[in-house]
Structure formats: structure tokens, C-alpha cells
Amino acid sequence: MRDFLELVVSATASGCVYALVALAYLLMTRPTGIINFAVGEWAMVGAFGGFLLLSRFPIPYPVAIGLVLLGMFVVGGLTERLTVRPLVEAGAPPLAPILALLGMLVVFRELISVSFGPDPQPVPPAFGFGRLELGLLAGSHQSFFIIAVTAVVFTGVWYFFERTLAGKSFEAVAIDRRAAALMGINLRLVTALAFCAGGAVAGLAGLLVSPNVSAHYLMGLPLAIQGFTALVIGGVGRVEGALLGGLILAFVEQFTVRYAPVPPGLAMGVPLVLLIGFLLLRPTGLLLAREARA
Amino acid sequence: MKQVFLMKARSVLAVSLMALAPLAFAQNTIRIGMITDKVGPAKAFAEPVAQGAIFAARELNARGGLLGRQIELLVEDDQGKPDVSATAARKLVDAGAVFILSVSLTPATQQAQSVTLETKVPHLTPSNSGDTLTTQIANPNFWQTGPLASTQIATLLSYARNKNYKRVALITENSALGQLTNQFFKAGLEKSGIQVVSEEVVPGGSTTADPQMQKIRASNADALFMTGVTVPENALILRAYRQLGLKMPVLANYNLSIPVYATIAKGLLDGVVFVDAFDPVKAETRRFIDGYKKDTGTEPFNLHGYGYDGLMLVADAIRRAGSTDKDKVRDAMQATRGYQSVMGGIGSSYGFADGRRTGFDTNGMVVRVYEGDLQGKVVHVGQK
């Protein structure tokens, strides 16, 4: 029982990280149709932001989070302005910005690799490396912190889309770009803000996970794959889908390793089997978008 | 008019000579190729090894070079990819390299051997530890001086002999070298009659090692052997070990000897036993550390020593061969005995006796124990 409950906390924390990366994908994909595989590298940049602000030039944690969010908001916006918008305005095929962003993935990774070197860098956790026990549940301080921050982010994003006029305009663009434009919604602004928000959320995911995995230049790709898998499981249409997908993925990963009678090498393939299964059997993911529910 | 013409002609001649000077330099140098990983998964390890080799070349050139000629190090990046590594080896052979050093992943070095086997260009890896590099291909032009994985486990077991472990757990990650090291550790343990009761893998990119460490905790193993070679996953393992309150002794492969753990796994290292091939007290090692610090202003560690030893060993073979003829250099390298290396414990040396092509002294590894976050003194040497 102790193992089970410890693993619930651990899997929830990992699932929250995957969910944040999936949310970053979703924020950009919903209104624009563009899949940005560089989100993993953005998470890496966020992690290195944490290294700079918390390890090298230590400042209070809340200020560091704010600065990382702000910095990644700008990185997201600049990426859109420099690589996506010129292609969209030139009438390039839909695949072109996706490929350009794949190129940016390499640019971000090499910039970090050249700037910080190949060695992993330490990022301290928000409340130290201790263990916290809440009744029967037990886990690291950072695990509980990740869960709490993710809950706040998802609540905020859900509120934005469901309860605010600006959020409704994003939803309108997601449902029908042309109709939204005819209604006077500024598509260019929505696209730019989608990338800014995607950058901030991905950077936050990197910052939160970095005390566990350290900040290193190869950390982005696994996060991009895990986030994408979570997105496919949960569905691209709804914010809650990203959270659900992240949690399902992490629980399947960790409970398979712990309890399934499969060799350790094969357990690693289970999430990929899950991804393929969803793509084949339920490509829309678990939660359908609003127009599909109507 | 004639004077003006002569002046112009002299100027043209001078400029031409200046332009041709580097070419002339290149023709008079001894070219040694080095294949390294500048962007791929081995970069973190390959970079310091390459820096050690570059320092060695600089030191040799400052002393007058080799056979009266300067050494020119030609560096190629294989990105840790086997196919690219073979292409890089071909490029170095075409560029006139008389010897090739491989400072990349074990599979990449394996693939580069296909070129040196065919072209007969002498080839050495100073840092790879895979046991199979000299056994899977019968390449008489290839040597290995990195400490083998089997030597690491034998040294650790020698140290742990009086601990009387019966049941142990193994944990690794899924890189090629991590898997290979794990395979040789497992073989060494089973050969010693020790039962492996739990064997776990933490995949690269994991965000936790909790489920794997829970299984190890449930296995009630007497000790835990860490065989992975990637720092983030090893740090995850150590973090989970502390968080989950495991108490069994931890014995780790040489990867735990690199200094980055002092920052990445700060507060998690106390009592971890690890094998190393670097004893800062050894005279050759001390001399290397002082020279490197003086030259570069930075403190070297064990990985730099591998690269330094590699290039110095190559230079030694060329010197003994008296030429850069590849047959003579190959024979000289194979004849190496008692080479006083930076790496290895006190009294150990490199040599390729009895036709072997693995040069690291099987009694040359040392065992050290972390004291807090600092690497403690040598507590055990060799396999005796």
C-alpha cells in the first residue's frame, strides 16, 4: 500500500509535467493548426532560465518563476514572429511552419549547448529536497509543488477559455478561422499570443521538472514526445484533455514498470504502444472538441 | 621600368610564399586524426577527453614535436553516430592521418574500425570501455586503453569480497553503453555466484526513478550496483534512493567518478562507492594535473587524462617506430609494454602483451568512496 500511494504522488507529478507540455502544444495547435515540436526545447530553455536565476545568480523563487514565464513568453512570441508569420503571410503550405519550427528545435538546442556546455546543470527545488507526508500520501516536496502549480495553471487556462471574452475569441478561431476573422477577431494577434502562451507554459514545465532531471541540452526531445503523447491521448480539443492525457500517460508508465510482469526493457515501450493505439482507435483523443460535441 | 617590374615580381613572390606557408607546414607535420562527438549524446564525455588530447599535442609541439616534425591534430565530429563515424574515419585517412583516435560512443568506434581494418591505418580508443571492441572485429590495427567494464566490476567485487553479498540489484539506463556496461556487470556478478534479484532500467528522459527504486526496495537486495552512464538518470536514481529511504550500499561504475555529480547530485552522494582510473596522488597524474592547469587555467579530471594518455601513447609508438609508416607504427604500438600512464592506480601501466589489444592494466583501477559530496581517497586498488 505504501508503494502504491508513493507512486500515485510520483505519477501525478510526472503527469502534470507532461500535461503542461501537452497544454503548450494545445495552446498553439488549437487556433493555428500548427504542431510545434520545439516545445520540448522551450522547456529546456525554461530549465536553463531556472539554472541562471536560481543557481548562478540566485534570486527568490517566485521572482525567478515570474522572470522565466516572461522570458519564455517573449521567446514564444519571437519564434512566431520570425519563423511562422513570414511563412503564413507568404501563403506557404501548412507543413512549412511545422518544418521551420523543427529547424528552430535544433537552433535552440545548439544555442544552449554552445552557451552552457554539455554537462547537466543543477536547478534547486522550490522547497528543498525533503520528503513530505500528507496522511497516507508521501512524496518529495517538489512533487507536491509541481502538482499545485499545475492545478493553478490549468484552472487559470480553463477559466480563460470558458469564462472570458478573449478566451472565447481563441475558441472561435479554433473552431473556424475564416468565420472568426469575418467577426473581426485579429487572427495575427491570436496566433502571436498563442505562441507566447505556449512558450510560457512549456518554459514553466521545464523549470518545474529541472530540479529532478537537471537542466541539460538533451532534455527537450523526451519532453516533446511525452507531451505529444499526452495530447494525443487527451485530445487536441479541450484544455482538460491535456491534463487527462498527461496523467494517464504517467500512470501507465510508472505502474507498468512497478507492477506489470514485463522485462524492464519492454516496459519502456508501453507508452508508445498507448500512443499507437490511440492514433489507430481513437485519433481524436478521449475528450472531443466543442463543435464535435454539438 | 625594369626596377618597377622587379619590385612587383618580388611582391607577388612574397605574397605567394606567405599563402603557401601553411601548406608547407601541413606537409611537414605528422597528422593525427581524432573522431569526437561535438553535438550528440557522448558530447559531455567526449569533450574533456578531446581537450586532454589537444593539450597533449600542444605539449608535444612545445617540446619540439615528434621525429622533428610538429603534430597536427585533425578533428572530426561524428555526432555519436556509427555511420558518420565511419565516414569521418575515411575522411581522416584521405587527409593523410597516420593514426586515428576515437573519442566517441562505443558503437561509433566499432563502426569506424571498418575503415581502419580496410586501410590498415592504426586506430586507438583511449576512453571507450566496452569489452567487445577488440573481440567483435579481428582488427590488428585497433587498440583500446579505456578500462573495460569487466575490469570495473572485477575491481568492485574485489573491494566488496569481504562484504559477503549474496543478493544484489542492478540499475542502469537505456543508452548503448549503459546497457553494455550492465551486461558485463551482470556477467561478473553471476560468475562470482552472486544472485541478481532485481534488474531495472531508467529510460533516458525519465522524470523519476521512483517505480524502479521501489522494486529494488521490495527485492531486499544486499547491495545496489549502478551501471548507467548518463548523468541525469543516475542523479534520478540517487534522488529516489534517498527519498524512498533505501539503506543498502551503493556501488557504482566509473561514471560516478566525473566531477559533475558534486553539483547535480549534491547531498545525495555520501557513502557511494565507485570505481575510478584516476589517482591524483600518482606521480604521472600529478604532473599531468599541474601541466594542464598551467596551460589552460582549469583543473582537469579523469576524462582529460584518457585523452592525454591516448595521444601520448600514439606519439610514443611513432617515436619508437622511427617513422610514420603504418606497418612500423602498428608493430610499435603492439610492442608497447610498461607505458607509464596518467590513468590507472599507482604502479599500473599500459601494455599489449601476448597479442592483446586492450592495454589498460587489469589491476589498474581503484575504488573510492564519496565523503559527503567530495570524492574520497583511494580505498582499494586492483582485483587482488
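Let's start where helix α9 of chain A ends: the helix is followed by A:Gly235, whose phi is positive, near 105 degrees. Keep in mind as you look around that this is a predicted model.

Stepping back into the helix itself, α9(A) covers residues 220-234. From its first C-alpha to its last, this 15-residue helix reaches 21 Å, close to the 21 Å expected at 1.5 Å a residue. Is α9(A) mostly covered or mostly uncovered? It is mostly covered, with twelve of its 15 residues buried. Among the buried ones are A:Gly220, A:Leu223, A:Phe228, A:Ile233 and A:Gly234. The cover comes from several parts of chain A, including α1, α2 (39-56), α4 (95-116), α8 (187-213), α10 (239-259) and α12 (270-281).

A:Leu223 gives us a way onward, as A:Ala205 is in contact with this residue. Beyond its sequence neighbours within four places, A:Ala205 also touches A:Val17, A:Leu20, A:Val21, A:Ala24, A:Ala43 and A:Gly46.

That brings us to the largest nonpolar core, a set of 205 residues. A:Ala205, A:Leu20 and A:Val21 are among the residues with the most contacts inside this core, and so are B:Ile32 and B:Ala53 from chain B. Helix α1 (residues 2-32) of chain A gives the most to the core, with 17 residues. Domain 1 (26-147 + 281-351) and domain 2 (150-276 + 367-381) of chain B both give residues to this core, so the core lies between them.

Finally, look at where the chains meet: 30 residues of chain B are in contact with 28 residues of chain A. On the chain B side, α8(B) gives the most, with six residues. That side divides into twelve nonpolar, ten polar and eight charged residues.

Note on methods: Residues are numbered from 1 along each chain as its sequence is written. Chains are lettered from A and ligands numbered from 1 in the order in which they are written. This is a predicted model: local features need pLDDT of at least 70, side-chain atom pairs count only at pLDDT 80 or more; totals for chains, interfaces and linings use all residues. A nonpolar core is a set of buried Ala, Val, Leu, Ile, Met, Phe, Trp, Tyr and Cys residues joined through C-beta atoms within 7 Å. A residue is buried if 20 or more other C-beta atoms lie within 10 Å of its own, exposed if 12 or fewer, and partly exposed in between; C-beta atoms are placed from the backbone. Helices (H or I, at least four residues) and strands (E, at least two) are DSSP runs, numbered from the N terminus. Domain bounds come from an automatic or database domain assignment. Two residues are in contact if their C-beta atoms, placed from the backbone, lie within 7 Å. The expected span of a helix is 1.5 Å times one less than its number of residues. Ala, Val, Leu, Ile, Met, Phe, Trp, Tyr, Cys and Pro count as nonpolar, Asp, Glu, Lys and Arg as charged, and the others, Gly among them, as polar.
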